Amino acid sequence: MTEMPQKMRARAATLALMAALAIAGAAALSAGPAPIRLLGVSSQGSAVLIEATEPVAYSHNQPDPLTVVVDLRNVSVAEADNLVERGGAVKAVTLEQASAPDGTAVARVRIALTRRSDYKVRSARNTIRVELTPSAGGRSIRMAGGALPGTVAPPVALPSPTASSAAPDTGEAGTATVLDRVRASRNAGATTVTLGGNGRLTPASVSESEDRPRRLVLDFPEVASKAPAQTSVGGDLVKKIRVAVNSRAPLVTRVVMEMAPGATYHVERAGQDGQDIAVVFEPSQAPATVMLAPATGEKPGDPEPDIPISEAIRNAASITPPDPAAADPKAALNVPAAQAPPASQATPPPAPLAGSGQAPPPAPSTGSGQATPPAQPPPAQPPPTTPPAPVTQAPGQPRPMQQMPGTEERKYIGFPITLDFAGVDLRVVLRQFSEISGLNIIIDAAVPSTPVDIVLREVPWDQAFETILRSNKLAFVAEGTIVRIAPISVLSEEEADRRKLSEAKALAGDLRVQTFSLSYAKAADMQPLLVKSALSQRGQIQVDTRTNTLIITDLPDRLTTANALISSLDRPEPQVEVEARVVQTTREFAKALGVQWGLNGRMAPDIGNTTNLAFPNRGTIGGRTGAVSTPSDPRAGSLESTGTVVNLPAIGASSALGLALGAVNGAFNLDVALSALEHAGKGRVLSTPRLTTQNNVPAEVAQGIQIPIQVVANNTITVTFKEAVLKLSVTPQITSANTVIMQITIENANADFSRQVNGIPPIDTQRAQTQVQVNDGATTIIGGIFVSREQSSNERTPALHRIPLLGWLFKRDSTSDESRELLIFITPRIIKG
């Protein structure tokens, strides 16, 4: 009994602290920067342009299908111009001055539409553009009520009553403090619920509940209730309306309307001067549906698959009382959470529905334990923030870790509970979760009555439930709203038995024999695929190679599966024509200039020019390079002929000039020969192999010669052949993007008989091996070689080549420049039809 007053005092202290923080936050925000000024609103075709003095932060929403609201934070409406012309999808545009929960000025642009339209908001610098387009098929979703069943719509905040461009309401009353009437009317297939008070009613939020049945919740702050606690409507769209006080400090009155799963709704002003709030419910427009044929392979005896606990919770939502919002599961593990927003931004805690109690019923204590659901309100939700700018990874920094699908942390959705049991029977503890969750629980007879000790504080009930089961080697199977608890071994045996029964039913039946004649695929290649993918354990398959036929014996449904698989695999493969071009180009240039000198001088008695000495009396001087110049003196001996002194001719010269000089008596002879060479040439060789093959089938084409090579070993002559051919090998693979992936090997080998050794020529080879992906009909270069050779030489006679002006007569200069280039092109073409 002493615990509740302590909790109330703690809650009062918390609320007082929140109020103090709100006052401090308002005071701090009052000294913030001056708001940006809204220049005006104009129209451009089907778009609405909003222009401010500088770029602003903004948010947008569509509270109902005929209204689009754009909020500009820290912006003042002031004397903004409204230049929007009515026409098209725009009915009217109003400018309103509002304020955010933290006191910041908000300029609100409300666009009223003439018809349901989709919208897209874009911004550039200080201009915001709202583009409107008609909804496809007219199936636009109306507010939160258009959400599909099973989804939760976000809260929708109504605008502030202040407006700068709208006409002022002269007779407008003050803000309502009492909600005193609830009326419901039905006409033309729609149901309208009108809420009235002693002034202008303005709900703080409009949202849907997260559980079932589907409920629309409106919160009115600082408003007391004098309306009936429950109003029955009994229509197809709205069942009943409940009104209750959600919070005393601060005062919040909550209106809850139970509506049909497919109903849509929108909120509008009603009554005198728009003081009342009207919620109009309409039937949903049926979306386009696709009829699916039932699966033929499903057996009536197959076991129904298990469903997770979260699905069981949703199924049981209709019999579960409304719960407070679940607290953060990390808080129970002492993990630091993000900083909460100021108290002024906190939304009031959700109120329990009238007639359903203030909280989930506490579990009765058993033995010395107790189970206590939480009584504190949920934490405040932080205000929406603009998404952070994308982060660019700097070079050298490690790549952030990415979480793989299926490895996310398990999230629990149950409300937090506190359990304290000491020596309590396990079966009794498990029974408590029926009271906590609202689920129907069956405990298997194999679950032991083991005493357990449990102390859990503020833990989501579904997390506590699964943890207790795991700790005692138990598991559960959920079917609808019934949860059966049993040992893991028992459930495993049952699952194995069900699987065996299902397999036995699947294998039951008479066997049939059916033949399948294949047109494109080979029966031997198809056999292992069918055995693994289509046949049952009783099935057999035989291959007739002569007719390329498969003979299959199996159950009728497996024959149907095999027939579908064969039909998808036995189809013609497209063909690919591959053309290669091997281009070889050569360029050669050579230049040479040479000289040859020859001389002969003799002193001999026959020509009368001796020395008149006994020794030396005669002599000869001449060249000794081995070359003999002509003409020579017939009277001279073999050693007295005119020989070459400087022998530096141009090798392979195509031009030469000679000069010979001599004495009358033949005592001295001199001759000289100048030779020159200049050569230039270009060559181009083009080889174009081409072949056609099927998809994923290797192919090869070759052309050339085979060179015989004799090898003598042990008096035995062996002849082998070496190929010198142009060969193209390729394996194409056609992709779904109309490209061709090719594994290519191309070789160009030529015999060079100008450099043969012992009659065997060397082989000049160019080869490329690669894998490329090329578009259909496109050409790409898969390889190339460029060889450039430059050479210059200078041969000369020592010392004499340095004689000024005459030095060139005693040297030979030669220059050569040669380049070769090899390019290999490949072009695939897919043959269609």
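Biologist: Why is Ile-541 called buried?

Modeller: Ile-541 has a relative accessible area of 13%, and buried means under 20%, exposed over 50% and partly exposed in between, with a 1.4 Å probe and protein chains only, so Ile-541 counts as buried. This is a predicted model, in which local features need pLDDT of at least 70, side-chain atom pairs count only at pLDDT 80 or more, and totals for chains, interfaces and linings use all residues. Residues are numbered from 1 along each chain as its sequence is written, and side-chain values use heavy atoms, with hydrogens and water left out.

Biologist: Which residues does Ile-541 touch, not counting residues up to four places away in sequence?

Modeller: Contact means heavy atoms within 4.5 Å, and on that basis Ile-541 touches Gln-527, Leu-530, Val-531, Leu-535, Leu-550, Ile-551 and Ile-552.

Biologist: Why is Val-719 called partly exposed?

Modeller: The relative accessible area of Val-719 is 41%, and partly exposed is the class between the buried and exposed cut-offs, therefore Val-719 is partly exposed.

Biologist: What makes Ile-541 part of a strand, and where is Val-719 found?

Modeller: Strands are DSSP runs of E with at least two residues, while helices are runs of H or I with at least four, numbered from the N terminus. Ile-541 is found in strand E28, residues 540–544, and Val-719 in strand E37; the protein chain has seven helices and 41 strands.
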